Amino acid sequence: MSTQILAIGTAVPESRLPQPSTRDFFAAQPGVGRLTARLIGAAFDSSAIDNRYSVIGGFGAGENLFTEDGATLRAPSTGARNELYRREAPLLSAAASREALERSGYAAAEVTHVVTASCTGFFAPGPDYLLVRQLGIPTSAERTHIGFMGCAAAFPALRAAARICAAQPGSVVLVVCTELCSLHIRSSSDPEQIVASAVFGDGAGAAIVSSAPARRGESLEVGDFSTAITSEGEADMDWTIGDRGFEMRLTANVPRIIGREIAGVVEAMIGADADPLTEIDVWAVHPGGRSVLDRVQDGVGLGDGALAHSRAVLRDFGNMSSATILFILQRILADPEIADGARIAGLCFGPGLTVETARFVRRTRADQRA
């Protein structure tokens with residue numbers, strides 16, 4: 001029996017951040033001059049994002065950890081931010097996991113392994129441990145946590161799950177990616193930080209991966225994975241821990257590097273003699289930002305609708321780091337216009353600048369019984 005993603009669940013916080021009002025909030029911060037205000041306006045207005053979600057609450061909604069009067073952005077310590085992560089991340093992880101289990105038809109008591117990924121907070125015992133307690137997963141379930149791999153971490157997590165299933169047939173692996181990116185926002189005149197404030201949001205995605213038979217609905221048969229490191233980019237995308245939160249560096253060179261090298265990455269993924277326009281039916285590309293999607297589309301020579309699911313998730317949720325690709329794959333699973341047997345290529349980008357790829361095939365339950 002092949003290894004499959006049997007179901008995907010997602011969750012976001014209650015607080016929604018409309019992009020226009022969030023832009024105005026940042027532009028109105030003390031010390032923001034005319035030039036910085038223009039940079040903020042340009043970054044937010046060109047983001048192709050309508051809404052994001054955040055655990056810190058809506059701006060202008062009164063006092064919380066990040067705003068004293070609803071109008072002025074505070075600069076909490078890393079410890080204070082991480083304490084909020086410790087409180088909120090397990091709740092989102094559990095919500096996404098419950099939805100994935102319900103969709104799959106498998107019970108928490110049948111889960112044999114838990115794989116978690118996150119780069120926006122730390123604590124121990126961590127989310128993997130708490131999921132076992134919260135969901136009623138057997139305490140004998142083996143747990144693995146993948147930390148600080150950034151936006152690309154979902155594919156290493158799914159790869160680990162697939163290899164578990166290959167080594168131990170019949171395993172039922174719960175994969176959970178949870179990121180609270182908004183915990184690390186700050187007011188800044190730095191263009192790189194302004195871009196980060198304009199695109200990142202919070203969310204959790206969970207997948208049930210197994211070589212056991214599917215019990216309901218469509219699934220994604222898991223194929224090959226690959227990893228590439230671009231020829232440059234180590235200084236253009238990185239993620240470090242500072243005294244006032246984690247600090248993201250995301251320079252304007254990132255889309256250019258991706259645009260220049262993505263064709264070679266895709267060629268290595270599908271084969272030098274294969275045409276991506278005929279070899280791949282559906283594309284699932286991590287939306288690091290609108291410009292990243294544009295560069296992938298141009299670099300691979302894709303049509304205007306090829307990245308529709310990626311652009312829709314960016315529009316509705318922003319960039320939720322590692323969780324984002326699971327939101328995209330969930331849309332692909334639910335799309336009735338995607339044919340049985342459709343070949344799917346996934347691309348994620350992480351610090352370094354690294355590219356993680358994965359291939360899937362969409363299956364129906366009837367296909368699986370044949």
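# Walking through the fold

Visitor: Where is the place of Pro 336?
Guide: Pro 336 sits in the loop between H11 and S12. Bear in mind that this is a predicted model.

Visitor: Is Pro 336 buried or exposed?
Guide: Pro 336 has a relative accessible area of 74%. Exposed means over 50%, so Pro 336 counts as exposed.

Visitor: And how many Å apart are Pro 336 and Pro 255?
Guide: From C-alpha to C-alpha, Pro 336 and Pro 255 are 32 Å apart in space. In sequence, 81 residues separate the two.

Visitor: Which residues of H11 are the buried ones?
Guide: Going along the helix, they are Thr 324, Ile 325, Leu 326, Phe 327, Ile 328, Leu 329, Gln 330, Ile 332 and Leu 333.

Visitor: Zooming out. What does the secondary structure come to?
Guide: The protein has 12 helices and 13 strands.

Visitor: What is the radius of gyration, next to that of a compact globule?
Guide: The protein has a radius of gyration of 20 Å. A compact globule with 370 residues would have one near 21 Å, so the two agree. Along the principal axes, the C-alpha trace spans about 65 × 50 × 35 Å.

Visitor: How much of the protein do buried residues make up?
Guide: Of the 370 residues, 56% are buried. The accessible surface comes to about 14700 Å², and carbon and sulfur atoms account for 49% of that surface.

Visitor: What about contacts between residues at least 24 apart in sequence?
Guide: Take the contacts between residues at least 6 apart in sequence: 79% of them join residues at least 24 apart.

Visitor: Charges next. How far apart are the mean positions of the positive and negative charges?
Guide: They are 3 Å apart, for 33 positive and 42 negative charges.

Visitor: On to the inside. How many residues has the largest nonpolar core?
Guide: The largest nonpolar core has 77 residues. Those with the most contacts inside this core are Ile 137, Leu 174, Ile 262, Trp 283, Leu 347 and Phe 349. Apart from this core lies another, of 41 residues, which includes Ile 8, Ala 152, Val 209 and Phe 360.

Visitor: Pick Phe 349. What does Phe 349 touch?
Guide: Leaving out residues up to four places away in sequence, Phe 349 touches Cys 151, Ala 152, Ile 258, Ile 262, Val 285, His 286, Val 292, Val 296, Thr 354 and Val 355.

Visitor: And Val 266, where does that one lie?
Guide: Val 266 lies in helix H7, residues 253–270. Val 266 counts as buried because its relative accessibility is 1%, and buried means under 20%.

Visitor: What does Val 266 touch?
Guide: With residues up to four places away in sequence not counted, Val 266 touches Gly 271, Pro 276, Trp 283, Val 300 and Leu 347. Trp 283 and Leu 347 are among the residues with the most contacts inside the largest core. Gly 57, for its part, is 40 Å from Val 266, C-alpha to C-alpha, and 209 residues apart from it in sequence.

Visitor: What kind of peptide bond joins Gly 352 and Leu 353?
Guide: A cis bond too, with omega about 20 degrees. Leu 353 is in the loop between strand S12 (343–350) and strand S13 (354–363).

Visitor: Why flag those at all?
Guide: Because most peptide bonds are trans. Likewise, most residues other than glycine have a negative phi.

Visitor: What is the phi of Ala 48?
Guide: Ala 48 has a positive phi of about 60 degrees, although not a glycine. The residue is in the loop between helix H2 (34–45) and strand S3 (51–54). At a relative accessible area of 35%, Ala 48 is partly exposed.

Visitor: And the phi of Phe 148?
Guide: Positive, about 65 degrees. Phe 148 is in the loop between strand S5 (142–147) and helix H5 (154–167), and is partly exposed with a relative accessible area of 27%.

Technical notes. Residues are numbered from 1 along each chain as its sequence is written. This is a predicted model: local features need pLDDT of at least 70, side-chain atom pairs count only at pLDDT 80 or more; totals for chains, interfaces and linings use all residues. Side-chain values use heavy atoms; hydrogens and water are left out. A nonpolar core is a set of buried Ala, Val, Leu, Ile, Met, Phe, Trp, Tyr and Cys residues joined through side-chain atoms within 4.5 Å. Buried means under 20% relative accessible area, exposed over 50%, partly exposed in between (1.4 Å probe, protein chains only). Contact means heavy atoms within 4.5 Å. Helices (H or I, at least four residues) and strands (E, at least two) are DSSP runs, numbered from the N terminus. The radius of gyration is taken over C-alpha atoms; the globule rule is 2.2 Å times the number of residues to the power 0.38. Accessible areas come from the Shrake-Rupley method with a 1.4 Å probe; for residues, only the protein chains shown count as cover. Lys and Arg count as positive and Asp and Glu as negative; His and the chain ends are not counted. The place of a charge is taken as NZ of Lys, CZ of Arg, CG of Asp or CD of Glu.
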